[in-house]
Amino acid sequence: MVKKILSIVLWVVTAAALVVLFIFARENYLNTPVKAINLLPASDSGFVRRNELHHEIEKDCSHSKIGTIDMVKIQKNLDANPWIESNAAYIGLDGNLNVSFKEYEPQFRLFDKNGQSAYITNEGIVVPSCKRYTPYVLIASGNFDLQNGANTYALCDTIERDHNILNALYWHKAIKANPFIESCVGQLYCNSKNEFELTVKGLDARVIVGDTCLAADKLKRLEIFIKQRINRPDTQNMKIINLNYKNQIVCTKR
């Protein structure tokens with residue numbers, strides 16, 4: 001009986017000691033200053049400049065104890081960055097603040113009729129342009145209406161959707177799906193009739209593809225046309241090459 005009581009007392013004392021050690025270790029950890037700020041990715045490769053982001057985060061936690069760091073504020077600041085798609089921030093047991101982030105990947109740059117420009121992602125996210133970074137992507141211009149160019153927003157979330165921008169995204173995906181056409185197309189243009197046109201390398205003619213109906217078929221016909229006729233003298237005298245008709249290519253001379 002005595003042994004049993006002693007065993008229970010020993011377990012209680014051990015448990016209490018562990019709790020005290022845990023509380024002490026936790027208090028010691030929370031009162032330790034942040035040692036360093038680690039950012040991933042480790043190099044500048046896009047819109048976000050690591051030194052600027054590091055400076056912003058450092059203002060919120062420089063020489064601060066781990067227990068006083070406002071992680072919610074840091075997270076909100078990262079979420080507010082228009083070029084960051086997702087992010088994560090945590091403080092490790094080593095006392096380092098680790099921040100990882102993923103930038104939006106622009107697929108094409110769009111210039112609207114008012115001169116504003118923004119980038120569009122594959123998911124239909126409008127990302128503001130940036131003076132310090134210009135990715136090499138397809139250009140789309142013409143009859144488009146962008147919202148506030150300083151904000152990031154999803155096309156599907158807007159009250160009044162600009163269907164021309166959605167159609168431009170559709171055309172971009174169709175062009176990407178045809179490697180030959182992708183190598184030939186220099187620009188995408190939406191005219192005042194909301195018809196889409198392509199600027200094709202080696203051709204002075206306006207290449208009209210119209211709406212998104214049968215987009216892949218239109219581009220395939222254009223591919224065949226370019227391969228067969230690009231070097232012919234009469235092709236260089238064409239003013240308009242219109243693919244906006246089923247199973248036809250209608251050409252107009254200058």
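**Exercise 1.** At roughly what angle do the axes of helix α2 (residues 50-61) and helix α3 (residues 71-80) cross?

*Solution.* The model is predicted: local features need pLDDT of at least 70, side-chain atom pairs count only at pLDDT 80 or more, and totals for chains, interfaces and linings use all residues. Residues are numbered from 1 along each chain as its sequence is written, and side-chain values use heavy atoms, with hydrogens and water left out.

Step 1. Helices (H or I, at least four residues) and strands (E, at least two) are DSSP runs, numbered from the N terminus. Axes are lines fitted to C-alpha atoms, for helices over the stretch in contact, and angles run from 0 to 180 degrees between N-to-C directions.

Step 2. The axes of α2 and α3 cross at roughly 155 degrees and come within 10 Å.

Step 3. Angles under 35 degrees count as roughly parallel, over 145 as roughly antiparallel, 65 to 115 as roughly perpendicular and the rest as oblique. The two helices, α2 and α3, are therefore roughly antiparallel to each other.

Step 4. On the α2 side, the contact (heavy atoms within 4.5 Å) is made by L53, I57 and D60, and on the α3 side by K73, I74, N77 and L78.

**Exercise 2.** Locate R221 and decide whether R221 is buried or exposed.

*Solution.* Step 1. R221 belongs to helix α6 (residues 215-229).

Step 1. Buried means under 20% relative accessible area, exposed over 50%, partly exposed in between (1.4 Å probe, protein chains only). With a relative accessible area of 12%, R221 is buried.

Step 2. Leaving aside neighbours within four places in sequence, R221 is in contact with L243, Y245, K246, N247, Q248 and I249.

Step 3. Helix α6 itself lies across β10, β11, β12 (238-242) and β13, running at about 30 degrees to β10.
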